[in-house]
Amino acid sequence: MQEVISLNQITKIYERKIALSSLSFSVNKGELVALIGPSGAGKTTLLNLLAALLPPSQGEILIDGHPLSELKDPKKRAKKIGIIRQQFDLVGELPVIHNVLVGRLSEWGIFKSLLSMLIPQDKGYAAQALSRVGLADKLYEKTSSLSGGEQQRVALARLLVQSPEIVLADEPVASLDPARAEDVLDLMVKIALEEKQTLIASLHSVEYARKYFDRLIALKDGELFFDLPASSVTDDHIQSLYKLKEIS
Ligand SMILES: Nc1ncnc2c1ncn2[C@@H]1O[C@H](COP(=O)(O)OP(=O)(O)O)[C@@H](O)[C@H]1O
Ligand SMILES: [Mg+2]
């Protein structure tokens with residue numbers, strides 16, 4: 001098994017709030033990991049640390065055995081780690097194709113990126129990615145005219161074009177209705193398997209976590225509550241994870 005991510009005693013403190021406390025675990029290449037736990041447990045903080053959007057207060061994150069803090073080159077980082085969020089982060093006013101090609105920005109440099117606003121560069125990549133997410137006919141549609149589920153598929157196409165080894169997804173289906181949510185999760189997992197990516201997604205639906213992922217990492221109050229294969233997670237585990245503190 002090839003270890004791609006390793007967290008060693010990670011703590012994150014915001015002002016006075018301890019968001020993550022001495023967290024350690026590792027993830028192997030190709031694993032499909034769901035991050036679950038009540039609101040405020042630290043899921044977003046953890047994903048932002050893994051994406052190097054935030055530095056840890058203590059501890060170290062290793063990617064392929066090397067400190068993440070040393071992975072500074074934007075091109076190399078984009079090839080290693082991609083992130084997808086609940087809000088999709090798409091520019092609604094632009095045609096779908098431009099949003100997909102943003103996935104190549106880190107490889108292009110500024111001149112080509114600016115030019116692409118006028119004449120989409122590497123159109124082939126975008127067309128291919130869009131057809132893999134079932135949106136081959138939407139290349140030139142205004143992005144904001146698409147439904148929520150379609151917009152998240154555009155975000156998946158953008159990630160296909162970026163082609164990172166590790167995909168981090170923060171509540172990727174939270175703003176979708178159940179049918180659309182399953183559709184997007186199904187596609188996200190299928191792509192991760194085809195591309196041999198390592199996927200870590202935070203989800204507030206335990207049902208989806210168990211259905212689509214191999215391993216469930218549960219956080220509570222910034223600490224590891226359990227880390228189990230999806231098939232070993234019982235209803236009792238879930239109940240105690242989400243149980244409110246007794247008021248005494
Ligand atoms: N920028 C911030 N400043 C201060 N506290 C924060 C900040 N971001 C998150 N927190 C706090 O850190 C804890 C973990 O938050 P978060 O990682 O967003 O949890 P989750 O994604 O599991 O809901 C929460 O108590 C939250 O209020
Ligand atoms: Mg969150």
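This is a predicted model: local features need pLDDT of at least 70, side-chain atom pairs count only at pLDDT 80 or more; totals for chains, interfaces and linings use all residues.

Visitor: What holds strands of a sheet together in general?

Guide: Strands of a sheet pair through backbone hydrogen bonds, and the pairing is either parallel or antiparallel.

Visitor: How many bridges link strand 9 and strand 10, and in which sense do they pair?

Guide: Strand 9 and strand 10 are paired over six bridges, in the antiparallel sense. One position to look for is L216, whose bridge partner in strand 10 is L228.

Visitor: What is the order of the strands in the open sheet?

Guide: The order is 6-7-8-3-9-10, which gives an open sheet of six strands with mixed pairing. Strand 6 (81-85) and strand 10 are the edge strands, each pairing on one side only. On average, neighbouring strands of this sheet are turned by 15 degrees against each other, with direction ignored.

**Reading the turns**

Visitor: What do strand 9 and strand 10 form, and how many residues lie between them?

Guide: They form a hairpin, with two residues between the strands. D221 belongs to the loop between strand 9 (215-220) and strand 10 (223-229). The phi of D221 is near 50 degrees, a positive value in a residue other than glycine.

Visitor: Where is D64 found, and is it buried or partly exposed?

Guide: D64 lies in the loop between strand 4 (58-63) and strand 5 (66-67). It is not a glycine, although its phi is positive, at about 50 degrees. To read exposure, one compares the relative accessible area with cut-offs: under 20% is buried and over 50% is exposed. D64 has a relative accessible area of 24%, and therefore counts as partly exposed.

Visitor: Which elements lie on either side of the loop that holds E165?

Guide: The loop of E165 runs between helix 7 (148-162) and strand 7 (166-170). E165 has a relative accessible area of 35%, so this residue is partly exposed. A further reading compares sequence with space: E165 and L199 are 34 residues apart in sequence, and their C-alpha atoms are 8.8 Å apart.

**Reading the ligand shell**

Visitor: Which residues surround ligand 1?

Guide: The surrounding residues are Y14, K17, A19, P38, S39, G40, A41, G42, K43, T44 and T45. By type, this shell divides into four nonpolar, five polar and two charged residues.

Visitor: Which elements give two or more residues to the shell around ligand 1?

Guide: They are strand 2 (17-28) and helix 1 (43-50). Helix 1 gives the most to this shell, with three residues.

Technical notes: Residues are numbered from 1 along each chain as its sequence is written. Chains are lettered from A and ligands numbered from 1 in the order in which they are written. Side-chain values use heavy atoms; hydrogens and water are left out. A residue is near a molecule or strand if one of its heavy atoms lies within 4 Å of it. Helices (H or I, at least four residues) and strands (E, at least two) are DSSP runs, numbered from the N terminus. Ala, Val, Leu, Ile, Met, Phe, Trp, Tyr, Cys and Pro count as nonpolar, Asp, Glu, Lys and Arg as charged, and the others, Gly among them, as polar. Buried means under 20% relative accessible area, exposed over 50%, partly exposed in between (1.4 Å probe, protein chains only). Two strands pair if DSSP finds at least two bridges between them. Axes are lines fitted to C-alpha atoms, for helices over the stretch in contact, and angles run from 0 to 180 degrees between N-to-C directions.
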